[in-house]
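Trainee: I would like to learn how to read salt bridges and strand pairing in a model. Could we work through one together?

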Amino acid sequence: MIKFSARLLLVLLCAVGILSQASAQRYYRPTVDIGVKGGMTLSNIQFSPGVEQSMLQGMEFGVAARYSEEKLFGLMAEIKLSQRGWKENFKETDFTYQRRLTYVELPIMTHINFGTKRFRGFVNLGPSVSYMLSSGITSSFDYTDPESVDGFPVSNRHLNQMKMDIKNRVDYGIVGGGGIEIRFHDRHSLMLEGRYYFGLGNIFPSAKKDEFSASRVTSVEISLAYMFRLKH
């Protein structure tokens, strides 16, 4: 029994030593970065039933902050203005219609990075909540009464979405993407990122009696950010 206890104590001491050494090797000083970012968006609305449309180009800009306590993991948060919406597709006709929705957006994401000190790849993933500030319509015809417009393609086409009021200004969804970061000084870096936003809310009413059961915002975002390290 004494021999067994001695052996168990020896094993425990060895395990503690190994864990202590591993913990020391994993030690990483926390870092804090802040910055500004800007870029472009390509968006549409996932309607159900479907609407003939193409991607609408917009822009985004705002501020970002990143906090890292581990060598590979951290937390990334942003406050930015993002333009989303959709553009109707009239195929071979000259009619045009687009609806641009401007949001103030707050994404909070897990930040995973890998690579060298100067050149890194990274992945961002997390939830995002947005509030619509404005909705603007640009059209080459009377979208409130398209059936009265000569030559307008009304057959097999949904029309009401062009004049419907936005019901839900608050949107929420999942955002994820990846990119590269180039650190050209201990405190300065550039981040190039591609990101996809999938909205979980509907901009229009979605009850059984309503025309659309789904009207969710989706967006592809390409941005460039300048980050400055406050703490390292």
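This is a predicted model: local features need pLDDT of at least 70, side-chain atom pairs count only at pLDDT 80 or more; totals for chains, interfaces and linings use all residues.

Trainee: With which residue does K117 form a salt bridge?

Mentor: Side chains of opposite charge can pair when their charged atoms come close. Here the partner of K117 is D186, with 3.7 Å between the closest N and O atoms. D186 lies in the loop between β7 and β8 (188–199), while K117 lies in the loop between β5 and β6, so the pair ties together parts that are 69 residues apart in sequence. D186 counts as partly exposed because its relative accessibility is 34%.

Trainee: How many salt bridges does the structure hold, and which residues do salt bridges with shared partners join into one network?

Mentor: The structure holds 21 salt bridges. Shared partners join K37, E60, E78, K80, R84, E105, E193, R195 and E221 into one network. Within that list you will find R84 and E105, which form a salt bridge with their closest N and O atoms 2.8 Å apart. This pair links distant parts of the chain, with R84 in strand β4 (residues 73–88) and E105 in strand β5 (residues 97–115), 21 residues apart. R84 and E105 are both buried.

Trainee: Which residue meets E88 in a salt bridge, and are the two buried or exposed?

Mentor: The side chain of E88 meets that of R157, at 3.2 Å from N to O, and both residues are buried.

Trainee: Where is E181 found, and why does E181 count as buried?

Mentor: E181 is found in strand β7, which covers residues 170–183. The cut-off for buried is under 20% relative accessible area, and E181 counts as buried because its relative accessibility is 3%. Its side chain is joined to that of R183 by a polar contact of 3.1 Å. If you set aside the neighbours within four places in sequence, the residues in contact with E181 are R66, R118, F119, R120, F122, S189, L190 and M191.

Trainee: How should I read the strands, and in what sense do β3 and β4 pair?

Mentor: Begin with the overall order and then turn to individual pairs. The protein has one helix and nine strands, and along the sequence they follow the pattern α-β-β-β-β-β-β-β-β-β. Strands β3 and β4 pair in the antiparallel sense over nine bridges, and they form a hairpin with four residues between them.

Trainee: What percentage of the residues is buried, and what share of the contacts joins residues at least 24 apart?

Mentor: Of the 232 residues in the protein, 36% are buried. Among contacts between residues at least 6 apart in sequence, 70% join residues at least 24 apart. As for the surface, the protein exposes about 13200 Å², of which carbon and sulfur atoms supply 63%.

How values were computed: Residues are numbered from 1 along each chain as its sequence is written. Side-chain values use heavy atoms; hydrogens and water are left out. Helices (H or I, at least four residues) and strands (E, at least two) are DSSP runs, numbered from the N terminus. Buried means under 20% relative accessible area, exposed over 50%, partly exposed in between (1.4 Å probe, protein chains only). Contact means heavy atoms within 4.5 Å. Accessible areas come from the Shrake-Rupley method with a 1.4 Å probe; for residues, only the protein chains shown count as cover. A polar contact is a pair of N or O atoms within 3.5 Å; within protein, one must be able to donate a hydrogen and the other to accept it, and residues adjacent in sequence count only if both atoms are side-chain atoms. A salt bridge is a side-chain nitrogen of Lys or Arg within 4 Å of a carboxyl oxygen of Asp or Glu. Two strands pair if DSSP finds at least two bridges between them.
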